[in-house]
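Subject: Structure for you to look at

Dear colleague,

I am passing on the structure we talked about, and I would be glad if you opened it before reading on. My notes follow below it.

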Amino acid sequence: MRESDKQDVKIQLTIAKQQGKLIEVHNIKNDDYFNVGFVVGIDNHFCLMISIDWDGKINGLIAIRLDSIITVNDQTDYLTTVSEKTKVAHEHHYFDIWQVQQFIDEHPEITRGNILMNILKDSADNELPVVIGTKQYQGMDDFSGMIHDLNEITLNLHYFNEKDLSSMWSYDMLISQIDYVRSRGTQMATTKQILEDVFHQD
């Protein structure tokens, strides 16, 4: 991404954060999948969003590398539909079943400073599973598991392949190669359940 494009993206994300806008963030080329949510933090390299799923409920947190973002959209028909669904989710009390907003309110520091390291350290310190996407695989594959070791340069992830639960795997990755991290939501909870039931890790 050119520096001017990166600045445009950062401006759009900053405005969305200031105005509390629900937005679409497209960060994987040639993919119909994109992220929907509210921006709660932004630094020079990553933005942090409260992720909203198709059912209109909070699906956790996602940190996305700015360089990987292709477009940012608002006021689309898709977002209008999701926004309407959030009203139903609020009304029936399932909008934030993972208490993500409460976590952000109680730990505002996670939205400031080095966003990527904040999310990784939060998951490592609290022994919470994460889902990590890397530049190498460009959304074709991501890794669900537990951070085993973490420093400013690398992390070691103990992860599983949901299509092959014969064993756990270990992956050393450079922090600079991480494109996105999902935490504190549905994927965290399902990963935790699989780790407990299949791999007997609690």
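Here is what was found, starting with the whole protein and ending with single residues.

This is a predicted model, in which local features need pLDDT of at least 70 and side-chain atom pairs count only at pLDDT 80 or more, while totals for chains, interfaces and linings use all residues. Residues are numbered from 1 along each chain as its sequence is written, and side-chain values use heavy atoms, with hydrogens and water left out.

The protein has 5 helices and 10 strands, which are DSSP runs numbered from the N terminus (helices are H or I with at least four residues, strands are E with at least two). Its radius of gyration, taken over C-alpha atoms, is 17 Å, which agrees with the value near 17 Å that a compact globule of 202 residues would have; the globule rule behind this is 2.2 Å times the number of residues to the power 0.38. Of the 202 residues, 45% count as buried, where buried means under 20% relative accessible area, exposed means over 50%, and partly exposed lies in between (1.4 Å probe, protein chains only).

The structure also holds 2 cavities of 30 Å³ or more. A cavity is a set of points on a 1 Å grid over the protein atoms alone where a 1.4 Å probe fits but cannot get out, and its lining residues have an atom within 4 Å of a point; grid points are joined across faces, edges and corners, and the volume is the space filled by probe spheres set on the points. The largest cavity has a volume of about 60 Å³, and of the 13 residues that line it, the closest to its centre are Asn59, Arg182, Ser183, Gly185 and Gln187. Two or more lining residues come from each of strand 4 (58–65), strand 6 (130–134), strand 10 (178–183) and helix 5 (186–197).

Ser183, found in strand 10, counts as buried because its relative accessibility is 4%. Leaving aside neighbours within four places in sequence, Ser183 is in contact (heavy atoms within 4.5 Å) with Gly60, Leu61, Ile119, Ser123 and Val130.

Finally, please look at two histidines. His93, in the loop between helix 2 (77–91) and helix 3 (100–106), has a positive phi of about 65° although it is not a glycine, and His93 is exposed at a relative accessible area of 71%. His200, in the segment after helix 5, has a positive phi of about 55°, again without being a glycine, and counts as exposed at 66% relative accessibility.

With best wishes

Terms used:
On a 1 Å grid over the protein atoms alone, a cavity is a set of points where a 1.4 Å probe fits but cannot get out, and a pocket is an open set with protein on both sides within 12 Å along at least five of seven lines; lining residues have an atom within 4 Å of a point.
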